[in-house]
Amino acid sequence: MTKTLTLHNNTFILHPSGAMFWEEEDLLVISDVHLGKVSHFRKFGSAVPQKAIAGNFQKMNEVIAFFEPSKIAFLGDLFHSSLNKEWLFFEHWLDQISAEVILVEGNHDIISPLKYEALGVFLTPEIVLKNFLFTHHPEERAGFFNFSGHIHPGVKISGIGRQQLKLSCFFKSKDQLILPAFGEFTGKHILVPQGDDEVYVVTKKEVICLND
Amino acid sequence: MNQKQLIKLANDWFKSRSWKSFAFQKESWKAFLDGKHGLLNAPTGSGKTYALWVPIVLDYIRQNPDYKTKHKPGLKAIWITPLRALSVEIEQAANRFAQDIGSGLTVGIRTGDTSQKLRAAQKKQMPDLLITTPESLQLLLASKGYEKTFKDLNAIVIDEWHELLGTKRGVQIELALSRLKTVSPKMKIWGISATIGNLQEAREVLLGPGSEAFQNSVLIRADIKKKISVKSIIPEKMETFPWRGHLGLHLLDEVVPIIRKSRTTLLFTNTRSQCEIWFQRILQKYPEFAGELAMHHGSINKETRLWVEQAIRDEQLKAVVATSSLDLGVDFAPVETIIQIGGPKGVARFLQRAGRSGHQPGKESVIYFLPTHAMELIEASALQKAVRHTVVEDRIPYLNSFDVLVQYLTTLAVSDGFFPQEIWPEVKSTFCYQALSEEQWEWLLNFITQGSQTLQAYDEYKKVEIGEDGLFKVNNRAIAMRHRLQIGTIVSDAVLAVKFLGGGYIGTIEEWFISKLNPGDVFTFAGKNLELYQIKNMQVIVKKSKVKNSRFPSWAGGRMSFSAEMSELLREEMFVASELEADSQQNVSSSTSAALDAGSVEKSIELKAMHNIFQRQKRESIIPKKDEFLIETFKTREGYHAIFYPFEGRFVHEAMASLLAYRISLLSPITFSLAFNDYGFELLSDQQIDMQQVFDNNLFSAEYLMDDLQKSLNATEMARRKFRDIAVIAGMVFTGFPNKMIKTKHLQSNSQLLFSVFRDYEPDNLLFQQAFRETFEHQLEEGRLRLAMERISEQKLVWKQCEKPTPFAFPIITDRMREKLSSEKLEDRIKKMMAQWGDL
C-alpha cells in the first residue's frame, strides 16, 4: 500500500494519507493540515460540521501509529488561520504524542511562535539535513533535494470510454517532491506532469505511481 | 368618490389618450376596489401594468378625498419585477397615469443598481410606489425598523409571477408576503402571470393555501388570443445538414434574407456563447449590417442593454441577437419577425418568444425555427403542433426549501430580531413550508443559533444569538454585513466584472471560464475580441485585441430539458415519421391509418426534409414505432457504446441513464461515462455490456426505483452540484463580490469540499438532505421517470447491433457534457487507465 523512494541513498516511504516517512532519520513529514479551518468557519457563521475537526487528529494518530516516528515535521500551514479554540484540541493531542514536533512555517501560519514554543513545538523557516531541504513553498537550491507542500498537488488522468479521475498526489520532479495536503477540509490544485516528472497518486488505501 | 365615479375617472383618462380599456383591465379595477386579492393572467404588451396600477391610484383617491391639495406620504404600493431591466418601463407607465390625473403620487425604483445615496434618501422618505426586485425586498426586511416602513402598504403586485414560481426567488417572495400580511394588514396581494399549465396552483402559492387572502381572491384571464405562424428554415439540400452540433451557423445565409425583409428581427439563441458567436459571424460575413445589428444577453452591462432596448423601440436596429434576457416584459412595436435558433425546449418559452413580434392588436406573430442539427427538425414539426393546440407546461413550485428559510430567518434576525413563536405560524402558512414539521423548525432554529443540534465543547459558532427575552438576533456587525451582501446571490455562479485596462465596465463573466485562461489569451465577449490582461480583486482586466481567432466564453445554465408536454409531442412526431417512412417504401396506407388518429397523418415539410436521414437510420437500425423501445450498440475507438431511446427529455434521460448504469454495475464491476440529450441516452464503457443480462434481469423495472437511484453514485454527484446553491443561500459559503474588496480569503471555500464534509460527518443535516431531495424532485423528475419506466415496460425492446453510429445516435455520442458511474475499485481503475496509456 505504501511506496518507497530512494534518494541520495536515503529511504522515503510515501503513505496513502499523504504523509511521508524518512527511515534513516526516523522522521515523519506531513504538509498542509490546515487545523482550525472548521472552527474558523464556524466562528464566522458558517456551520461546517464540528465533528470534522476530529477527522484530522484521527488521521494523524493513525499514521503515527503506523510509522512510530521519533520526530514529526509539519511542512507549513499547520493552522489555517488565527487562534481559535481548536488550538485546545491541538494542545491535548500534543500531550499524547511522544515524538518531537517541528513546524516549518507556511503562509497560513500566523499564530504567534511563542504559542507554539510554549507547547514545545520547534519553529523554523526551513530544515536542512544531509542533502535534503524541507520548506513550505517549493524551492530550487543547488545541491539539495527539496521537500515541500503549499501547492496541494492533484492530477487528472483519463482512459478509454471517456473516463476521467482527479486525485491528490505526491508530485516529484528532478530535485523536488511536493507533498499532497494532509488536511480533511482542503482542496487540490491540478498539475500537468512534464518530461521526467513522476506522479504518485493517493487513494484511501494505496499509493500508485503513474509512471510505473 | 364612489366606485363608479372612480372607474369613470380612469376611463376618461384612457379616452384622453384615445385608448380603449380591455375587459380584463376593468375586471381587475373592480376586483381590486372591492378589496379582493388575485392573479391576473395576461401576456406581455397587453396593458397589464394599467390593469393593476390604475386601481391602486383610485383606491388612494377614494381614501384621501383631498388628494389634490394634500399628499399623504409613505409607502403605499410595491411592484415586484424579476428583472431589473423592466423597472424603467413600469416606472414610466405608472408615472404617466399618476401625474395625468393629478394624484400627486410618486414612483421610485430600488434595485441592485440604485445608488447608495438614493437608497438612503428612500429610507428617510419612501416613494408612494416602489418598483423593486425580490432580492431588494428581502434587503428591506433586513433593515432596522422595517415594520414602520410597510405599515401603510395598501398593495403589492408580483409581476411575471410565472417566472418566479418554480424558483427559489419565488420562495423568497412567499416568505416576504407571509411577513407583510402581518405588518401591513391593509395590503392586497396581486400577481400577474403569463399562461402556464398550473395557473390555479400559481394563485394558491402566491396567496397561501387556504389562507384568508386566498378565500377572498379572483383569477382574471385576459383571454387575448394571438395568431402565431411558425415556419422552419430548411436548406435546399439536406445532404449538407449536419447531424450534430448546436450552433446552426450552416443556415446563416438563409437567415439573412429574412432579416432584410422585415423591419426588426429578434434572433433568440439558447446560450450566451451561442449569442456571441452568431453576432460575430453575421458581421464577419455580412459587414454591411454593422451598426444595425446588436446583441443582448444577461452578462452585458446594463447601459448597453438599455441602449439596445431603446434602439429597438426607435427602430434603429435591423436585428438583435439575444438570449432569454429579452424574453420578458418590454414592448417592442417595430419587431416583426422572430427567429428561434435551436430547440426552445419548451412550448411556453417558444410561445412567449413568438409573442415578441407583431405587437399591434390583430397582427400575426411570425416565428422562424432554425434547427441546428437534423434531429431538431422533428422538434420543429412537434412545435408546429404545440402551437396549433396550445399545449403549455406547468411551473413546479419548490417545497421545504430549508436554505431559503435559513436565509430568511437570518434576515429577520439581522433587522429587528424575531420571536420564533410569532414567525412560525407565518412560515407555516406559505405554500412552500405548509408541511414543515415542528422538529424541522426546531432543527433550523438550532442551526442558526448553534451551527449544530447539540452544544459541543470549545465551540465558537456565532451567527444568531438568543437574548434573555427570547429574541433571536444577530449582534455581530460583520456577520450582519456579510449576510446583507449575500442576500442577492440566489443566482448561482460566481461572476467577475470585466473591465478595460483604461477603465470602462463591459459586463460580467463566470469565474470558471476565465480561470481557464492565461494573461495574453484572447476571448470574445460582448461582440469584442478581448485580451486578458490580469485578474485582480475579483475583476477581469482586458485590452482590445486584433487577433481573429479567439475563444468564446460559455455560461452555465444553458442546458434545459424538454418538458413532459414537449416530449410527448416529439414522440408522436417520431411515430408519424416511422409510419410514413414505412409507407413511402411499401406504399401501404392501411396500417398507418390504423395506428394513428384520423386526420393527424400529415407529413410536415420538416419530416419530408428528413427523408434521407430517416432512410439512413432505417438502413443502419430502425425508426421505433409506438410499441417499440430502441436500443443500439456499436463499438468505436472510444469504447463500447449503448444508446437507449425513450424520447422523454434530457432530465428524465439523465435519471434513467444513472439508474440503468447503476443496475448494470451491480452485475459485475464496470465503469460508465453517461451522455444524454432530449431523445435518448448513452452508456459508454471500456467493456461490452451484456445486453442479454439487461433483459433477463428486467433492469427497466420501476420497482425499487428511488432506492436504486439514491444508491447510484451519479445521484450523489448531482446532489453535490445542487448543494452549491444551497450552501450559498444558507450562508455557509461566502462567495465574495465583484467590485468589492473584502478580506475574506480565509472564509472562501469550495462548496464541493463542504459537501464531502457533510457526507462524512453530518449526513442527517437537513440542508445536505435537501440537495438530494431537489435532485430527485426538480432535476431527475421522479414522477415523470416513473411514468416513463411504466411506459417502457409495456413496449417491445428492440436491440440493434449496429456497425457504426446511426443518425439518431450521433448527437448523443458527440456530447461532451458527461456524468460518470463506476462499481470498480478506484485502485483498479487507475491501474487500468495506466495500462491503456501504454496501448496508445
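Q: How many contacts beyond four places in sequence does the model have for residues 586–601 of chain B, where pLDDT stays under 50?
A: This is a predicted model, in which local features need pLDDT of at least 70, side-chain atom pairs count only at pLDDT 80 or more, and totals for chains, interfaces and linings use all residues. Residues are numbered from 1 along each chain as its sequence is written, while chains are lettered from A and ligands numbered from 1 in the order in which they are written. Since pLDDT is the predictor's confidence in each residue, from 0 to 100, and two residues are in contact if their C-beta atoms, placed from the backbone, lie within 7 Å, the number for residues 586–601 of chain B is 13.

Q: What is the mean pLDDT of chain B?
A: Residues 738–746 of chain B also stay under 50, with 15 contacts beyond four places in sequence. Across chain B, 86% of the residues score at least 70, and the average pLDDT is 83.

Q: Which element of chain A has the highest mean pLDDT?
A: Chain A has a mean pLDDT of 92, with 100% of its residues at 70 or more. Its elements, four helices and 16 strands, are DSSP runs numbered from the N terminus (helices H or I, at least four residues; strands E, at least two). The lowest mean, 86, belongs to helix H1 (residues 37–43) of chain A, and the highest, 98, to strand E3 (residues 20–22) of chain A.

Q: Which element gives the largest share of the side of chain B that touches chain A?
A: In the contact between the chains, 40 residues of chain B meet 36 residues of chain A. The elements giving two or more residues to the chain B side include strand E23 (671–676) and helix H30 (751–761) of chain B. The largest share, nine residues, comes from H34(B).

Q: At roughly what angle do the axes of helix H17 (residues 402–414) of chain B and helix H19 (residues 438–450) of chain B cross?
A: Axes are lines fitted to C-alpha atoms, for helices over the stretch in contact, and angles run from 0 to 180 degrees between N-to-C directions. The axes of H17(B) and H19(B) come within 10 Å, and they cross at roughly 55°.

Q: Which residues in H19(B) meet H17(B)?
A: On the H17(B) side, the contact has B:Phe402, B:Leu405, B:Val406, B:Leu409 and B:Thr410. Their partners in H19(B) are B:Leu444, B:Phe447 and B:Ile448.
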